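User: I'd like to learn how to read helices, packing and side-chain pairs in a model. Can you walk me through one?

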Amino acid sequence: WYQRRVRGDWEGVSTPPGCLLVNIGDMMQRWSNDSWRSTLHRVVKQGDHDKVTDNRRQSLAFFVNPGENVMIECIPDYKRESEAKYPPIRAEDYIFGKFYRTIPSILAKNTDS
């Protein structure tokens with residue numbers, strides 16, 4: 001059962017039988033100038049956790065990142081009124097920036113010189 005975070009609460013998302021659900025990441029959101037949105041999400045077992053059910057689900061995490069020097073910037077076709085919502089940034093700087101904001105101790109170790 002797929003859920004997404006909306007205004008602080010988890011809400012269920014219905015999916016048609018046989019569908020393939022793909023979650024995009026934050027870099028794709030930047031590339032698309034927010035046309036495609038990255039969402040905080042989770043997958044939980046629906047119903048009574050102690051009972052075996054016929055609800056079969058397979059969840060697979062597969063992450064792909066661009067090369068470290070690839071520029072993450074708005075794709076020209078997605079610019080609205082000639083304005084990109086995010087400044088360009090190297091993929092490596094963006095990824096490590098997210099790590100540093102998530103785990104403050106990493107930032108402290110890398111700034112002690």
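Analyst: Let's begin with what a helix is here: a DSSP run of H or I with at least four residues, numbered from the N terminus. In this model, which is predicted, F96 and Y100 both sit in helix α2, four residues apart, or about one turn of the helix.

User: Before we zoom in, how many helices and strands does the protein chain have?

Analyst: Three helices and five strands. Reading from the N terminus, the order of elements is β-β-α-β-β-β-α-α. Of the chain's 113 residues, 13% count as buried. As for contacts with a separation of 6 or more, 56% of them are between residues 24 or more positions apart.

User: Which residues of α2 are buried?

Analyst: Buried means under 20% relative accessible area, and in α2 that applies to A91, Y94, I95 and G97. They cover an arc of only 160 degrees around the axis, so they lie on the same side of α2.

User: What do those buried residues pack against?

Analyst: They pack against α1 (26-31), β4 (71-72) and β5 (89-90).

User: Which residues make up the largest nonpolar core?

Analyst: The general idea first: in soluble globular proteins, nonpolar side chains tend to be buried together. Here the largest nonpolar core has five residues: M27, I72, A91, Y94 and I95. Helix α2 (residues 91-102) gives the largest share of this core, three residues.

User: I72 is in that list. What does I72 touch?

Analyst: Leaving out residues up to four places away in sequence, I72 touches M27, R30, W31, P66, P87, P88, I89, R90 and A91. Two of those names, M27 and A91, also belong to the core.

User: On to the rings. How many aromatic pairs are there in the whole structure?

Analyst: A search finds three. One of them joins F96 and F99: the ring centres are 5.9 Å apart and the planes are at 80 degrees, so this pair is edge-to-face. The cut-off behind that call is planes over 60 degrees apart. F96 and F99 are three residues apart in helix α2, so about one helical turn separates them.

User: What about F96 and Y100?

Analyst: That pair is tilted, with 6.2 Å centre to centre and 35 degrees between the planes. Put together, F96, F99 and Y100 form one aromatic cluster.

User: Now charges. How many salt bridges are there?

Analyst: The thing to look for is a side-chain nitrogen of Lys or Arg within 4 Å of a carboxyl oxygen of Asp or Glu. By this rule the count is four. Among them is D26 with K98, whose closest N and O atoms are 2.2 Å apart.

User: Where do D26 and K98 lie?

Analyst: D26 lies in helix α1 and K98 in helix α2, so the pair ties together parts that are 72 residues apart in sequence. D26 is partly exposed at 27% relative accessibility, and K98 is also partly exposed, at 30%.

User: Which residues does R90 bridge to?

Analyst: R90 forms a salt bridge with E92, with the closest N and O atoms 2.7 Å apart. The side chains of R90 and D93 also meet in a salt bridge, at 3.1 Å from N to O. Salt bridges that share partners join R90, E92 and D93 into one network.

Notes:
Residues are numbered from 1 along each chain as its sequence is written. This is a predicted model: local features need pLDDT of at least 70, side-chain atom pairs count only at pLDDT 80 or more; totals for chains, interfaces and linings use all residues. Side-chain values use heavy atoms; hydrogens and water are left out. A nonpolar core is a set of buried Ala, Val, Leu, Ile, Met, Phe, Trp, Tyr and Cys residues joined through side-chain atoms within 4.5 Å. Buried means under 20% relative accessible area, exposed over 50%, partly exposed in between (1.4 Å probe, protein chains only). Helices (H or I, at least four residues) and strands (E, at least two) are DSSP runs, numbered from the N terminus. Contact means heavy atoms within 4.5 Å. Rings of Phe, Tyr and Trp (its six-membered ring) pair if their centres lie within 6.5 Å; planes under 30 degrees apart count as stacked, over 60 as edge-to-face and the rest as tilted. The arc is that of the directions from the helix axis to the C-beta atoms.
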